Structure formats: structure tokens, C-alpha cells
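This report is meant to be read beside the sequence and the model. Please keep both open while going through the headings.

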Amino acid sequence: MEFVNVIVNISHEKLDRVFQYRVAERLKDRLEVGMQVEVPFGMGNRRMKACVVGFAAVPDYPPEKIKEISGIVEGSVKAESQMIALAAWMRETYGSTMNQALKTVLPVKQKTRQKQKKTIIRNISREEGQELLKEYQRKHYHAKARLLEALLQNEILDQQKTAEELKLSIAVIRGLERDGILRVESTRVYRNPFAGQFLQKKKEVVLNQEQKETVECIWRDYSRGVRRTYLLHGVTGSGKTEVYMELIARVIREGKQAIVLIPEIALTFQTVARFYERFGERVSVMHSRLSDGERYDQFLRAQNGEIDVMIGPRSALFTPFAHTGLIIIDEEHENSYKSETVPRYHAREAARFRARLCGASVILGSATPSIDSYTCALAGRYVLCRLSGRFGDARLPKVSIVDLRAELKEGNYSIFSRKLKAAMEDRLRRGQQTMLFLNRRGLAGFVSCRSCGQAIRCPHCDVTLSLHNDGRLKCHYCGYETGMPALCPSCGSRYISGFRAGTQQIEKEVKKLFPQAKVLRMDYDTTRSREGYEKILASFGRGEADVLVGTQMIVKGHDFPNVTLVGVLAADLSLYAADYRSSERTFQLLTQAAGRAGRGDKAGEAMIQTYVPEHYSIRTAARQDYEEFYSQEMIYRNMLGYPPAASMLGIYLSACDDAYLEGQAEKLGGIIRRLRTEGLAMIGPAAAALSKKSDMYRMVIYLKHPEETVLFGVRKQIETILEKDAVWQKLYIQFDYNPLNAY
Ligand code: ADP
Ligand code: ZN
Ligand code: ZN
């Protein structure tokens, strides 16, 4: 091919298009789609890196205007053409530059130094060696003697290990090498993030009836060449992971590979160990704490076909397997599957697109499916599979609701209800463990009434207002604001305030109430490092504490058979997060938290303390009744036009100058209104939840429409309009479909 199409490595909308270059004769055979090249760019012919996205036999421009590429970037990682297609789709779907999209799907950019394993091999005969050893000893060459002695015992030694064990400097080894007594050989080794940590165990697993049916249902399609998306709705402890592993084993037998996405927080030693025990060395993990070298090596191992299973968070979706047969997204309801940087993609959607490119099936698994996925399943876009019982003799816990308003009335102002306190006492006496869970999240506080349980809400958007530092209450969607009332607007009580208890305070309270109890605390403070997190879990697992206090991070990833009591201290906290998904999140957190109890052979119990015991997300979570929760929640979404009843597009605007930002935001609002798109609802422009960050002022506009495709169209129109006029140049704009968190 004479010409090559490239994307230049610049994140600027104006330059975000394909540029064409000529290929020199000497490079013609070497160039492939996905390679990194260097090209002369712009007026000064500055050398820039670029990514090859295609070839052309005939030029799109007058040939005399086309420059020649300078060369191939040696040592760069070649992207699969599939990944480039994925990037192009992301750019189209979520709104970003091609360059940002490419950076997302190619998480490993540059080759890192290869790791070498060096072995020392004896180069002389045993007899010669023994002679020489005597000479060394005579001359008091102690270090040389130690090394030679070792070589006489073992002809081949690992250089690093030998040097460490015998306390030798590398110079000693080099010396013997120079004298021809030994030789050193290097072999390429991959950094293995958990080398030697696990043993492969052959555990005989016999699937129970429900598990078997699920496997067969998915496998029937797969073996007939039918590829679909399955939503596996299985209660906590029902054996979803066993189902995944059985299907992975079958896919591997067909010569294909599997990607397993797990939220980073649940990616613990225990989870990885289960996969490792089953699939051995052919499993790898990616997570944010791997070094660049480790990451790069996992990437290469996948590309070279040396592993079959990749486990990791969102970004593991871009593992360069040649024949991906199965993509699993465990805990599919988790927010961490949505990217919070541009392109703001959702792993679920991206997985489905990738699966279509490579002919894979997708399995979404959860005990509490997202409202979005469940809607797709009911509409027949996904196939719904169910696991309704816990495996073996384990029973779902008995859940009860404790009304904190009643406690208050009877004069109990403590964070513990009398019932929870009594249950904890009982567990301490019996030597069983308790988990106390505080489901707080989000940056901003809210204001609620301890007498009637009501939080103060936006009259326009029906989401909770956030308490800001200036003491005002604000809506993150429409910008409505009001002062702090002195009395509860619902019941007139003066027990109205922001909720401020943290995990530390709870830990203190537990120690005060039960001085004899050993307490562990797990929150962002105590788990800054990954080791901290694993250490606390392991210590609790070994029974070194009676009570574990923590935020939502304690509800994930570990089985503790001796935990028979889970206390949720204030279930309402997540209910008041200032966005339309707060009830969904509350239901999920409560169900998952309760699911921690009774994982072993002892029966479990969960207590949910709340000021709003009548709220449907709390009542249905206590009964573990997903269907009922779903139908209640859909009434709210339909009424207010929130996803999935309608599609929503967040438009995030930021600029250095606040007057300019406000002016442009108003102008953009006007432009959108003048598009006169039928059925389009606009909220804002309004100040963002975080109205200033890193010296940039921020505003938001939200659009809602029943049809997602209409919002795509509106976004494109906005992009075109903004490109045409220089007045928009100082405005940064980001798009976010079905946003999860307030901007
Ligand atoms: P989930 O992922 O749905 O929470 P798990 O796969 O973790 O459930 O299963 C819960 C527990 O039950 C695990 O300890 C698992 O090893 C065990 N288990 C589930 N199914 C089987 C089976 N068929 N045979 C043996 N053990 C099983
Ligand atoms: Zn009240
Ligand atoms: Zn509002």
C-alpha cells in the first residue's frame, strides 16, 4: 500500500481526524494497523507520534501534498485492529476524541524493560573443579570457593538466588565467568504478579441442579454458535462463581479465552485464589497496583496466548486475547464499571460491543442486578438466568428492621438500638463475629429529620438537597437552593441536622459499650494501601477480632463463616445521596451487607437500623425481594423520566473564567432550546455539585429524552456548532450518558 491513515497523538478536537501519509519503500512490509509511527506534523513539521488505523491505495488528497512518515516507533505496542474498532465505537457513542478513545483501549502504551532470569552453569568438569577449589581455599578466596562449591553440588544455579544465599557480589560471578569456569545464560521471564502464592488444587466441584441448568442454558446457545448477553441473577452465596468457572473451562476447551471483570474492591486474594486453584498458571490478573512492567508482561502473555483467563477491573476488558470466547462481568451493578473520565463509557456496553467483534458471549452476574440490566432482561435484550438458593446448607440470613425514630422517642440517643446492642452482646458471649456497616458515600452531606426520617428534597427533581459549606442546601441537577430550616418541614420537629457519624466514632462507641471486645476498623483511612485492606480482612478472617466496623468496602469479596450478625447502622445514609439512583444503591448495599451473614454452617442474622422503615428500598431489601423493589423503583423512574425510563445526557462545562462560563452555558442552553427537538427536556444550566475544581469553574446541563438515539443526535449537533465558532474555544465540554455520579 502506498498510503497510510493515522491518528496523531494530540487531544484536540480540531485535529481529531485521520491524516494521510506516504509510506517509504523500506517500511512497506513492516507496517500494520495498530502500530505506532512518527510523522512530520503541522507547519514546522514537528515530529509527532501517531497510530496507524488503515491503509489506502489511492490518496484522498493531491499526492504532492502528502508527506512521508518518518519511521516506526520501535518498541511500541501494536494494537489489535479490534481495539481500534472498539475505540472508534467509543468515540462515536460517548463523545470523545479518537485519541482519548485509543488511550482508553490501549492501557499499556510502551514496552518496558524485559525482565531476564540468569542462570549460572558450570563450564568445567567435576575433577577440574575440585582441583580448583583446593587452590581457592589455599589462597583464601572465600567467596570464589563458596560459589564453586555450590556449582560442584549443582551444575546449574539461579544467579540471583545463589548470590543472595551465598552472600556473593555479582563481581565474583563475573570473575569466574571471565576465567571460563562458569557461563551465564539469560532467559526471558514474565513478571508474574502472584508467582508462588497459590497452589493449584484439584477440588472436585459437582454443580447443583440450578447451577447445572444455568450452565447448560448458556452452553446450549454457545455450542450452536449463538452469542448473547446473559443476566445471571443469583442470591449471595448461590455459586455464581462456580457457574462462571465451569463455563470458562468449557470455552477454554474450545481453544478460546475468557475475561472476568470484578470490581477492584472485590479483587482480593481469596477471589483470585479460587480461579488460580482451578486454572493454574494460565490465569492472570490486572489491577491498579501492578507495576508498569508487571502490567506490560500480562499484556504480552495474553497476546502470545500464554494465558486463558484474565481477571481484573474495568480496564481488563481491553486484554488483547486473540480469540475471546467469554466476557464475564461480576457484580455488574457496581458503579466502578462506568468510567469517570472521557470517554465516559460503561464496561457493560463496551463488553457487548467487543463481544460482537470477536464472537463472544457476555455474562452479567449480580445478586442485585442494576435496574438498567434488569430492564434489558425483561425486554428480552438479555437472557435472564436465576440462582435462587444458597449453595449447600447455607441459609439466607434472617433480616429485621429497627426503627430509630422509636428509639429516639424512648430516650435512646445512641447509635445502637437496644436490639442491636443485645444481639452483639449475645455474639460476644458465643464467640461469634459481628460486622457493623456504615453505608456513607458521596462528598456532600444532607439534612434529615430524626423524628420523622424525612430528608429535605428538591421540589423540582425529587432528589435530596446537598448541604454546602456556605450552609445552603442545593440541588445538583437544577441548581435550586434554599436556606437551612430551623424545624422539619414535614413534622415540625427540631431534631433536624446533617448526619455526621463516621466509622471512627462508631469504633469508639463499640469499645465503650463492650470494653472486652476486640474491634477492627476498615475505611479509607485504614486501607490506603492494598496490603492494609488485605491485612484487615485476613486478620478478621482468622478470628483475631470480634467486631469489624467499616464502610461499604466490608461487604465485598470475603467469606467469613463465623460472622453471624451484620448490623447496618443507618441504612438511610445512602438513600439521601443526591441523585436518582440513591434508592437503587441503598437496596444493593443493604442486600449485599445482609448477605455477609451466615455464609458458613451457622445461621446468620442482619439488623437494619433506619429512620424510614417504611421506605420501599429498605422493606424490600429486608425481605430480599428484588422483583418487588424493581417494580417500585420503576414507578419512580417512569414518573420522573429518569433512566432507564428515559435516557439522560449530562453536559459538563468548565472554564477558567466564571463570567465567561456562565455566559456560554446560557448561550448553549439557548441553542439547545432552539433545536426544538421534540420530547427533549432540559434541566439547567446550573452550577455543578463541585462548582470549582482545580481553578476551573464548572456548570452542568442535563438533557432527557425517551430515545437514546435522539440524544446522540443532539450531542453531534452541539459538537458541530461548537466547532464552528472561536468564541467556544475556552470552554471545556464533556458528555456523560446516564451519569452515575454528580459532576
Ligand atoms: P456467589 O459468587 O454467588 O456469591 P460463590 O460462587 O462464592 O457464590 O459460592 C458460595 C460458596 O459456595 C463458595 O464457598 C463456593 O465454593 C461454594 N459452592 C458453590 N457451589 C458449589 C458447588 N457446586 N460445589 C462445591 N462448592 C460450591
Ligand atoms: Zn420531621
Ligand atoms: Zn432540582
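## Basis of the values

This is a predicted model, in which local features need pLDDT of at least 70 and side-chain atom pairs count only at pLDDT 80 or more, while totals for chains, interfaces and linings use all residues. Residues are numbered from 1 along each chain as its sequence is written, chains are lettered from A and ligands numbered from 1 in the order in which they are written, and side-chain values use heavy atoms, with hydrogens and water left out.

Cys-452 lies in the loop between strand 18 (447-449) and strand 19 (466-467), and Cys-488 in the loop between strand 21 (481-482) and strand 22 (496-498), so the pair ties together parts that are 36 residues apart in sequence. Helices (H or I, at least four residues) and strands (E, at least two) are DSSP runs, numbered from the N terminus. Both Cys-452 and Cys-488 are buried. Buried means under 20% relative accessible area, exposed over 50%, and partly exposed in between (1.4 Å probe, protein chains only).

## Ligand 1

There are 16 residues around ligand 1, of which Val-206, Gly-237, Lys-240, Thr-241 and Arg-274 come nearest. A residue is near a molecule or strand if one of its heavy atoms lies within 4 Å of it. The shell divides into five nonpolar, five polar and six charged residues. In this division Ala, Val, Leu, Ile, Met, Phe, Trp, Tyr, Cys and Pro count as nonpolar, Asp, Glu, Lys and Arg as charged, and the others, Gly among them, as polar. Helix 8 (residues 240-253) gives the most to the shell, with three residues.

A polar backbone atom of Val-206 is 2.8 Å from a nitrogen atom of ligand 1, and a polar backbone atom of Gly-237 is 2.9 Å from an oxygen atom of ligand 1. Thr-241 has a polar side-chain atom 2.9 Å from an oxygen atom of ligand 1. On its own, ligand 1 has 550 Å² of accessible area, and the protein covers 81% of that. Accessible areas come from the Shrake-Rupley method with a 1.4 Å probe; for residues, only the protein chains shown count as cover.

The loop between strand 13 (324-330) and helix 11 (347-358) holds Pro-343, which is buried at 1% relative accessibility. The peptide bond from Val-342 to Pro-343 is cis, with omega near -5 degrees. Arg-344 lies in the loop between strand 13 and helix 11 and is buried, with a relative accessible area of 5%.

The side chain of Arg-344 makes a polar contact of 3.2 Å with the side chain of Glu-340 and one of 2.6 Å with the side chain of Gln-734. A polar contact is a pair of N or O atoms within 3.5 Å; within protein, one must be able to donate a hydrogen and the other to accept it, and residues adjacent in sequence count only if both atoms are side-chain atoms. The bond from Gly-684 to Pro-685 is also cis, with omega near 5 degrees, and Pro-685 lies in strand 28 (residues 681-693).

## Positive phi values

Asn-45, in the loop between strand 3 (36-41) and strand 4 (46-56), has a positive phi near 50 degrees and is partly exposed, with a relative accessible area of 41%. His-140 has a positive phi of about 60 degrees although it is not a glycine. His-140 lies in the loop between helix 3 (126-138) and helix 4 (142-153) and is exposed at 56% relative accessible area.
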